[in-house]
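Opening the notebook on this one. I want to look up a few things by eye and jot them down as I go.

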There are 2 protein chains.
Amino acid sequence: MPVQLNECPVEVVISSLSGRWKIPIYRYLYKNDQPVRYSALQRHLPSISKKVLTEQLRELERDSIIERKSYPEPRPRVEYALTSAGRSMIEFLDQISEWGVKHILSKQETQQS
Amino acid sequence: MPVQLNECPVEVVISSLSGRWKIPIYRYLYKNDQPVRYSALQRHLPSISKKVLTEQLRELERDSIIERKSYPEPRPRVEYALTSAGRSMIEFLDQISEWGVKHILSKQETQQS
């Protein structure tokens, strides 16, 4: 029997991207073709606490949007990158961005006129 | 000076659709070409409390995804419908659904094998 989706895929995907820092983390990893160190993410997102950054990364990893690689060196190195599935989200994220610019701008213009 | 987007459009759109009942409400309104009464929404979503349904509808209205019409009749009638902007979200919502089915299914299959 084929695997049944026990949840609505749209709800699952929207919730996997909900969370104050998920989109900024996604965007930074998308712009970097190479895996990115935890410390680089921290520098890029200075106003996020270590605890919250770790949580959001763990959730993105659980949802298979990013992958984590750790290197057992004297000073342990941990790097993050988008999975191929994660990278392919860009198709609908670009559409969401276009929709957002069109409808948010028109709403702000009516509010300011 | 053109209106500046003070927020990332993707973050704004994702947050406007985040919330336990927003997608089920959207889907029900999308399937109905005609405006839908509050009571019909309640019957369609029996496990949602009146308070939460009212809140989620108010947020969707604030974000211009739905519109609310009230009819000052002896027994006041309130109806909801998607705005044209709201209805046009279906383009990326369908893409999200396809991505979700593809990636959630493949994840569930690996977890069950």
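Predicted model: local features only at pLDDT ≥ 70, side-chain atom pairs only at ≥ 80, totals over all residues.

Which residue just after helix 1 of chain B takes a positive phi? I looked, and B:Gly19 is the one, with a phi of about 125°.

**Entry: helix 1 of chain B.** I went back along the helix, residues 9-17, and listed what is buried. I got B:Pro9, B:Val10, B:Val13, B:Ile14, B:Ser16 and B:Leu17.

**Entry: cysteines.** I checked A:Cys8 and found a relative accessibility of 18%, so it counts as buried, the cut-off being under 20%. B:Cys8 is buried too, with a relative accessible area of 17%.

**Entry: strands of chain A.** How many residues of strand 3 of chain A are buried? I count five of the six in residues 77-82, so this strand is largely enclosed by the rest of the structure. Next I looked up its partners. Strand 1 of chain A (residues 36-37) runs antiparallel to strand 3 and is joined to it by two bridges; A:Arg37 has A:Glu79 as its bridge partner. Strand 2 of chain A (residues 66-71) is also antiparallel to strand 3, with six bridges, and there A:Ile66 partners A:Leu82. A hairpin of five residues links strand 2 of chain A to strand 3 of chain A.

Definitions and conventions:
Residues numbered from 1 in each chain as written. Chains lettered and ligands numbered in written order. Heavy atoms only, no water. Buried < 20%, exposed > 50% of the residue type's maximum accessible area, 1.4 Å probe, protein only. Helix = DSSP H or I, 4+ residues; strand = E, 2+ residues; numbered from the N terminus. Pairing = 2+ DSSP bridges.
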